[in-house]
Amino acid sequence: QVRLVESGGGTVQPGGSLRLSCVASGGIFSGYTMAWYRQAPGKQRELVAPITPGGTTNYADSVKGRFTISRDNANNLVALQMNSLKPKDTAVYFCSIPTRGSWGQGTQVTVSS
């Protein structure tokens, strides 16, 4: 049974930073692309950033230059460093292994003064 557990969410002021982490268990994930998604209230879930097994990354235009995705295959961990946060970044952030249809429970990020 694949399990993804996110942590690191919270409330931060505009311009602040947060680091999200996701730990995967129940298998070996080094061969899979992993990704962060987010869903804001009343909006569809959107892809924030994927990272391939080899470490190739991509970013939504809205977060380029501010967010950095990374992974630690030895520890089945994927992280999302979020800098220069804006109110529009407020959402529930989900860790996923898209090709396996696996999702975490999500962690709330709120950017507010």
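Four salt bridges are counted in this predicted model. R38, E46, R66 and D89 are linked in a network of such bridges. A nonpolar core of 28 residues is the largest in the model.

**The salt-bridge network**

- E46 pairs with R38, and their closest N and O atoms are 2.6 Å apart.
- How accessible are the two partners, E46 and R38? E46 has 33% relative accessibility, so this residue counts as partly exposed. R38 has 5%, which is under the 20% cut-off, so R38 counts as buried.
- D89 and R66 also meet through their side chains, at 2.7 Å from N to O.
- Where do D89 and R66 lie? D89 sits in the loop between β7 (77-82) and β8 (91-97), while R66 sits in the loop between β5 (46-51) and β6 (67-72). The pair therefore ties together parts that are 23 residues apart in sequence.
- Are D89 and R66 buried or exposed? Both D89 and R66 are buried.

**A salt bridge between D61 and K64**

- D61 forms a salt bridge with K64, with 3.2 Å between the closest N and O atoms.
- D61 has 65% relative accessibility. That value is over 50%, so D61 counts as exposed.
- K64 has a relative accessible area of 49%. This falls between the 20% and 50% cut-offs, so K64 is partly exposed.

**The loop with G42**

- G42 is found in the loop between β4 (34-39) and β5.
- Is G42 buried or exposed? Its relative accessible area is 88%, over the 50% cut-off, so G42 is exposed.
- How far is G42 from V111? The two residues are 69 residues apart in sequence, and their C-alpha atoms are 17 Å apart in space.

**The nonpolar core**

- In soluble globular proteins, nonpolar side chains tend to be buried together.
- Which members of the largest nonpolar core touch the most other members? They are M34, W36, L80, M82 and Y93.
- Several strands give two or more residues each to this core: β3 (18-25), β4, β5, β6, β7, β8 and β10 (107-111).

Key:
Residues numbered from 1 in each chain as written. Predicted model: local features only at pLDDT ≥ 70, side-chain atom pairs only at ≥ 80, totals over all residues. Heavy atoms only, no water. Buried < 20%, exposed > 50% of the residue type's maximum accessible area, 1.4 Å probe, protein only. Helix = DSSP H or I, 4+ residues; strand = E, 2+ residues; numbered from the N terminus. Core = buried A, V, L, I, M, F, W, Y, C linked by side-chain atoms within 4.5 Å.
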